[in-house]
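Biologist: I have a structure open and would like to go through it. Can we start with the display?

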Amino acid sequence: LGQVLYMIWNVANDPIFGYLMDKTRSKQGRLLPWMKRSAIPFSIGFLLLFFPPQTWRLKVGGNDYQIALLTWYLVSQWIYDTFFTIMYIGYTALAPQMTFDQKERVQLNGISSVFSLLGWGISMAFPLIFLTDATTESVRTFQIFVFLFAVISIFPWFWIAKVVKEKQELIPKKSTPFWTCIKHVFT
């Protein structure tokens with residue numbers, strides 16, 4: 001039930017935030033203002049996924065416990081996924097907003113891919129190391145690494161927001177209609 005409810009929001013939020021970002025017109029561009037405001041909530045949402053209240057984590061059974069845990073799961077997933085969507089849309093749309101030159105775009109995407117793979121590899125290693133034989137101590141150690149990862153991950157977003165500039169001339173004059181965004185999602 002939790003996954004179904006989460007996935008409904010996951011399908012809905014892409015066109016919603018893509019449309020809202022597309023309509024944004026500011027001196028900083030249309031993507032960077034959203035990314036700047038979303039970096040910290042994105043990391044907080046990430047943390048919430050891995051830090052359910054201690055008293056719930058160790059209990060088993062009971063409807064009250066299950067409803068509380070489902071609520072925690074849904075709220076933390078919705079917060080995380082909302083800000084992940086904003087950050088991901090902004091991040092993937094930045095290269096075309098930065099340069100006309102195709103070679104530069106390819107180079108930017110190559111560098112981006114290297115760092116993405118590095119981050120993915122690190123994020124996959126920690127659960128394998130700490131949670132294959134989960135104990136209270138290994139879960140706590142894993143949570144410490146999750147916290148450090150969340151805090152460290154804020155800095156590249158702020159760096160991007162500070163250093164990267166969207167070229168105003170590359171921002172389309174008209175935003176994409178909402179129903180066109182919906183069609184793209186389901187295509």
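Predicted model: local features only at pLDDT ≥ 70, side-chain atom pairs only at ≥ 80, totals over all residues.

Biologist: Where does Phe 51 lie?
Modeller: Phe 51 is in the loop that runs between α2 (32-50) and α3 (54-57).

Biologist: Which residues make the nonpolar surface patch with Phe 51?
Modeller: Ile 144, Phe 145, Phe 147, Leu 148, Val 151, Ile 152 and Phe 155 make it together with Phe 51. The patch has an area of about 740 Å².

Biologist: On to α6. How many residues does it have?
Modeller: Helix α6 covers residues 136-163, which is 28 residues. From its first C-alpha to its last it reaches 42 Å, close to the expected 40 Å.

Biologist: And which residues of α6 are buried?
Modeller: Among them are Val 139, Phe 142, Val 146, Ile 154, Trp 157 and Ile 160.

Biologist: Which residues have the most contacts inside the largest nonpolar core?
Modeller: Met 35, Met 87, Leu 94, Trp 157 and Ile 160 do, in a core of 19 residues. Helix α2 gives the most to this core, with six residues.

Biologist: What does Met 87 touch?
Modeller: Leaving out residues up to four places away in sequence, Met 87 touches Met 35, Ser 38, Ala 39, Phe 42 and Trp 157.

Biologist: New topic. How many salt bridges does the structure hold?
Modeller: It holds one. The side chains of Asp 22 and Arg 30 form a salt bridge at 2.2 Å, N to O.

Biologist: Are Asp 22 and Arg 30 buried or exposed?
Modeller: Both Asp 22 and Arg 30 are buried.

Methods. Residues numbered from 1 in each chain as written. Heavy atoms only, no water. Helix = DSSP H or I, 4+ residues; strand = E, 2+ residues; numbered from the N terminus. Expected span 1.5 Å × (residues − 1). Buried < 20%, exposed > 50% of the residue type's maximum accessible area, 1.4 Å probe, protein only. Patch = residues over 30% accessible without salt bridge, like charges linked within 9 Å, V, L, I, M, F, W, Y side chains within 5 Å. Areas by Shrake-Rupley, 256 points an atom, 1.4 Å probe, with all protein chains shown as cover. Salt bridge = Lys/Arg side-chain N within 4 Å of Asp/Glu carboxyl O. Core = buried A, V, L, I, M, F, W, Y, C linked by side-chain atoms within 4.5 Å. Contact = heavy atoms within 4.5 Å.
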